[in-house]
Amino acid sequence: MKKTRLARNKKKIVILGGGFAGVECAKQLESEFGNDPEIELVMVSEDNFLLFTPMLPQVASGMIETRHIVLPIRTICKKTKFYEGRIKNVDPYGKLVTLWGTGDKRSVSIHYDFLVIALGSETNFFGMSDVEKNAYTMKTLNDAVMLRNRVIDMLEQAENETNPILRKSFLNFVVVGGGFAGIETAGELMDLLLDARKHYPTVHKEDLKVIVLEALPMILPGFNEKLAEFAKEKMVERGIDIRLKTAVTSFDGNEVTTKSLDENPKDPVDESKIDAIRTKTLIWTAGVTPVNTIKRSMFKTDKGKVIINDYLEVSDFPGVFATGDCALFLDPETQRPFPPTAQIAEAQAKIAAKNLKALIKNSKKEKFVYHSKGQMAIIGKRSGIATFLGMNISGFWAWLIWRNVYLSKISTFDKKIRVFLDWTIDLFFDRDISRLKLMKRETEKEYKLLDEVDDVW
Ligand SMILES: Cc1cc2nc3c(=O)[nH]c(=O)nc-3n(C[C@H](O)[C@H](O)[C@H](O)COP(=O)(O)OP(=O)(O)OC[C@H]3O[C@@H](n4cnc5c(N)ncnc54)[C@H](O)[C@@H]3O)c2cc1C
């Protein structure tokens, strides 16, 4: 009898998304409610792991083994019931989350009492369908593996190619976007190319070109300007061509066309200089946008992000919180949205968990105030930049700090050790240049809603 009453009164907190925000929120809630029989914790995510994105470019460059930067959610959130599935719909009136079914997966509907939306973002191509079709991206584990294979393939093709124009397009690599992802990818890519080149006798150092295209007048926006300038100079010294105020207009798989956004063009008649670069590989890292599930949801959004109040709660739906890349929270100083970073996602997840506890225990909620712990980026060849403990650091020491900080952030001991060993091995051996033809871009799955077998949990 007691058991039945408990089951009925049990409050269910459902977390959508197993990224930085979702996992951090689950960890905080587990420490508060993990042993509370009246609270049930549930997480739904498409992948059953947390992807440690700061090290994704190092997977693309073959420095770190693929599985070493993914952390299985079941091993880090042991008191949370986990559903691996793609969310189809969230009904905040009926308090119901529905998952897609496929040919071999049943569709499921999950009831909630409280909800945390942490669905992150996906690559934004700003409506350029040719770029979307032909570009490589750097957002998922599959992207990193695909890019590594592509780079090796291009070296293989170039080695035996006699047509100089074609050869050049094999060895030109264009990275679009001068943010974290773009800069770190360009640095790692150059490291991989220089390392792998030794095995390709006809490919010379000067044949290899990594070009970064950035629409803004600087790289790494939001970073200390001097550090960003240092990063740019170091990368240029290494032979990376950085073109600022340059926007991509198209990419057909063979040639990328760009438009100069220079406010004071040398030729006043030709206000937007058009240029073209022959390349077979364009890596698009120029922006993210919240996932479609959010955009077509019933929540109020702005540029696709869920609008939330100071407590990270969706105002129209008490008990529903949104955090991380998919939530719109304005920086009170600049009145602009915070940048999409793992650091902010985790900070918001902590406050969302605190405020859920406050709702359940009828105590006072806390406003979200962001205190940056610093910023760091690596730019290749054991160099980096960091704003850490109030200090601006560049070069080798920044690179070392980056490694220590991010290693400490990997939450399972075995993965820490594996990454550390990968780094150590890289000090002594060349990169592996075997091209694994295992992965291909995932084709659109045929999702279906199997009404007749729907389960409501
Ligand atoms: C290459 C790269 C390097 C980066 N480097 C840094 C860095 O050095 N420092 C830093 O602070 N930030 C960095 N970032 C940014 C950081 O990764 C993001 O800001 C962070 O992941 C946001 O966390 P989140 O929880 O909001 O979203 P995510 O981590 O993206 O998690 C979203 C989760 O939701 C799931 N999901 C989405 N849609 C659905 C659906 N329909 N159904 C089911 N599940 C779904 C996804 O599978 C994912 O698990 C980097 C990003 C990239 C791509």
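In which hand, right or left, does helix 6 pass helix 8 in their crossing? To answer this in the viewer, bearing in mind that the model is predicted, select helix 6 (residues 141-159) and helix 8 (residues 180-196), whose axes come within 11 Å and cross at roughly 40°. That angle makes helix 6 oblique to helix 8, and the crossing is right-handed.

Next, show the side chains where these helices touch: Val-151, Ile-152 and Leu-155 in helix 6 meet Leu-189, Leu-192, Leu-193 and Ala-196 in helix 8. By class, this contact has seven nonpolar residues, with no polar and no charged ones.

Around the ligand are 34 residues, of which the closest are Gly-17, Gly-19, Gly-120, Gly-324 and Thr-341. Helix 8 supplies at least two residues of this shell, as do helix 2 (20-33), strand 2 (39-45), helix 3 (56-60) and helix 11 (342-361). Sorted by class, the shell has 17 nonpolar, twelve polar and five charged residues.

Now colour the protein chain by its division into domain 1 (2-123 + 289-370 + 444-456) and domain 2 (129-286). The centres of domain 1 and domain 2, taken over C-alpha atoms, are separated by 34 Å, and the contact takes 13 residues from domain 1 and 16 residues from domain 2. On the side of domain 1 that touches domain 2, the elements giving two or more residues are helix 3 and strand 10 (121-123), and helix 3 gives the most, with five residues. The residues on that side of domain 1 divide into seven nonpolar, five polar and one charged.

Finally, return to the ligand with both domains coloured: the shell around the ligand draws at least three residues from each of domain 1 and domain 2.

Notes. Residues numbered from 1 in each chain as written. Predicted model: local features only at pLDDT ≥ 70, side-chain atom pairs only at ≥ 80, totals over all residues. Axes fitted to C-alpha atoms, helices over the stretch in contact; angles between N-to-C directions. Helix = DSSP H or I, 4+ residues; strand = E, 2+ residues; numbered from the N terminus. Parallel < 35°, antiparallel > 145°, perpendicular 65-115°, else oblique. Left-handed = near helix turned anticlockwise from the far one by under 90°. Contact = placed C-beta atoms within 7 Å. Nonpolar A, V, L, I, M, F, W, Y, C, P; charged D, E, K, R; others polar. Near = placed C-beta within 6 Å. Domains from an automatic or database assignment.
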